[in-house]
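Reader: I have this structure open beside its sequence. Could you take me through some of its features?
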Amino acid sequence: MCAAPQHSTVVEIASYCRTELCENYRHLVGAKTIHELLSDSIKPTIHQASAIGGSPSNGGCEHSSRQVAEDGDSPPNCDGRYTLLHETHIALFSVYHMEEIEGTVLAGQSFEPIHGRVVVEDGYITAVEEVSERDGDPDRIILPAFVNAHTHVGDSVAKEAAVGLGLEEAVAPPDSLKHQRIEAADNETLVTSMHRTLRFMQRTGTAAFLDFREFGVDGARALREAAAGLDIAAFIFGSDDPAVLDVADGFGASGANDDEFTARRAAAEERGVPFAIHAGEPDATDIHPALDLEPDLLVHMVHAEAEHLRRVADQDVPIAVCPRANRVLGVGRPPIETLLEYTSVALGSDNVMLNSPSMFREMEYTAKTFDLPSRTVLQMATTAGAEAVNLDCGVIEPGRRAALLVLDGDSDNLSGIADPVDAIVRRASALDIQRVIA
Ligand SMILES: [Zn+2]
C-alpha cells in the first residue's frame, strides 16, 4: 500500500524457510533464493531455524508458520495438516516479494517512455533499468498508480441525487442534500457504500486518495473501516472536532466563510499533520481568509487571482483542482494553466455524489478542456497528489513505494497509439488495465 515506509519482516520468513524450500520457490523471488537475498548477519538465525522443519522429501514441515511464530525457537508439534510449503508460498508473496515487470515504463518525473523493467522488492521499487532486448511483453505500459487528490467518498450514499442542483443545495454544509443523505444512512450502509467506492477506485488504478471526510470522529472511523482489507491508501482529512486527529491523517476545513478554524488549524500544527481547506470555489471571498490559516493544501481555487496566487507562491501551498465537479456545479473553470505558474497542482474527482471517482475520466476531461500537455495532466493525477501529503508513491523511481498501474498497450482501445502518455491521459480506460499493484 502507498504509505510511509515500513520495516521489512524478511527475517520472520527466513526463520520458517528451509534451504530446500527456497530452491523450490526460486522462481518466485527471481534469480536468487531467499537465503542469498539475506545479509550474512541474519544467516545464523536461518540455519538454526532450518533445523526445526520436517524432512526435505515432504517439502517441509506440516506445520503452519503461524504456529512456528507462536512457538518461537522450540521444536514445533507437527500434528497439524498445514503444510509449510503452502504457508511459505503465502509468506513469500505477502511479506517478501521480488518481481521484475517489463514493458514501456513511464519512469521518473518526466514520464519519458523507456523500454525497460521495474524491479520491485518487498513493495518498493529498487531499480528502473532500460533494456535493449524485448524479451518481455512489448505492449505492456507501466505507469505510477493514480493519487486522487480530492474526494468526498462519504457521499457514495447519494450518487446522482443532486443532478441539476447548484453548490449550495447539493453539497454546502450543514444542510445540503448530500449532508441529509449521509445523515439518514445507517453506519453499515455508509461503510458498505464507501467500501464499494474504494474498491472501484482501486480497480480503476488509484493507489491512494485524499478524502475530506465529514461528520467528525465517527465519519473518519467509518472511512477507516471502509478501507480495511483493500489495497488503496485512504489519507483522511477529518472534520469538526479536533479530536478527529486521533483517527484522521489531517484536518479538512469546509471553507473559511463557513466557520472559524484557527483553533483546529493550531491543533493540526501541534500534531504535525496537514491542514487543508476549500477555497475560491463559488467566488474569491474565502481565499485570503483561507491563506491566513497557512494551509498545507488548498482545494479548488476556481476564482484565484494574481493577488491570491502571489501569496500561494510565497507560502508554497499546493492546490488540488476538481474541474469536472466545478463544471457539474456550475461554479466556473479553475485557471489551471495559471495556477501551475505559481505552485504544484494536483487533480481530484471531488464528490462521489457528482462524479465517478475514476482518474481516467478526470484526466480525459482535464486534457480536453484545458490547454495542458498530457505529461502535465498525468503528473497532476499521480505525483502532485502524492507529494502534497508526502506519500511515497506517484513516481516510478528507486526508493518509492511500488504503487504501479500496468496497462495492455495492445488492448482493443489502445492498439496502434502514437504516444503512450497522450493515450493514457486522453483515451485509456479501466478496461485497459492488466494489473494494479499497490
Ligand atoms: Zn471538496
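Author: Helix 9 (residues 187-203) and helix 10 (residues 216-227) have axes that come within 8 Å and cross at roughly 50°. Helices here are DSSP runs of H or I with at least four residues, strands are E runs of at least two, and both are numbered from the N terminus. Axes are lines fitted to C-alpha atoms, for helices over the stretch in contact, with angles from 0 to 180 degrees between N-to-C directions.

Reader: Is helix 9 parallel or oblique to helix 10?
Author: Helix 9 is oblique to helix 10 because of that angle. Angles under 35 degrees count as roughly parallel, over 145 as roughly antiparallel, 65 to 115 as roughly perpendicular, and the rest as oblique.

Reader: Which residues of helix 9 and helix 10 meet?
Author: From helix 9, Asn187, Leu190, Val191, Met194, His195 and Leu198 meet Ala222, Leu223, Glu225, Ala226 and Ala227 of helix 10. By class, this contact has 8 nonpolar, 2 polar and 1 charged residues. Ala, Val, Leu, Ile, Met, Phe, Trp, Tyr, Cys and Pro count as nonpolar, Asp, Glu, Lys and Arg as charged, and the others, Gly among them, as polar. Contact requires C-beta atoms, placed from the backbone, within 7 Å.

Reader: Before going on, what kind of model is this?
Author: The model is predicted; local features need pLDDT of at least 70, side-chain atom pairs count only at pLDDT 80 or more, and totals for chains, interfaces and linings use all residues. Residues are numbered from 1 along each chain as its sequence is written.

Reader: What is the mean pLDDT of the chain?
Author: The mean is 83, and 77% of the residues reach 70 or more; pLDDT is the predictor's confidence in each residue, from 0 to 100. Over residues 4-95 the pLDDT is below 50, and this stretch has 108 contacts in the model beyond near neighbours in sequence.

Reader: Now Ile125: buried or exposed?
Author: Ile125, in strand 3 (residues 124-130), counts as buried because it has 24 C-beta neighbours inside 10 Å. The cut-offs are 20 or more other C-beta atoms within 10 Å for buried, 12 or fewer for exposed, and partly exposed in between, with C-beta atoms placed from the backbone. Ile125 and Arg400 lie 275 residues apart in sequence, yet 5.7 Å apart in space, C-alpha to C-alpha.

Reader: And where is Asp122 found?
Author: Asp122 is in the loop between strand 2 (112-121) and strand 3. Although not a glycine, Asp122 has a positive phi of about 55°.

How values were computed
Two residues are in contact if their C-beta atoms, placed from the backbone, lie within 7 Å.
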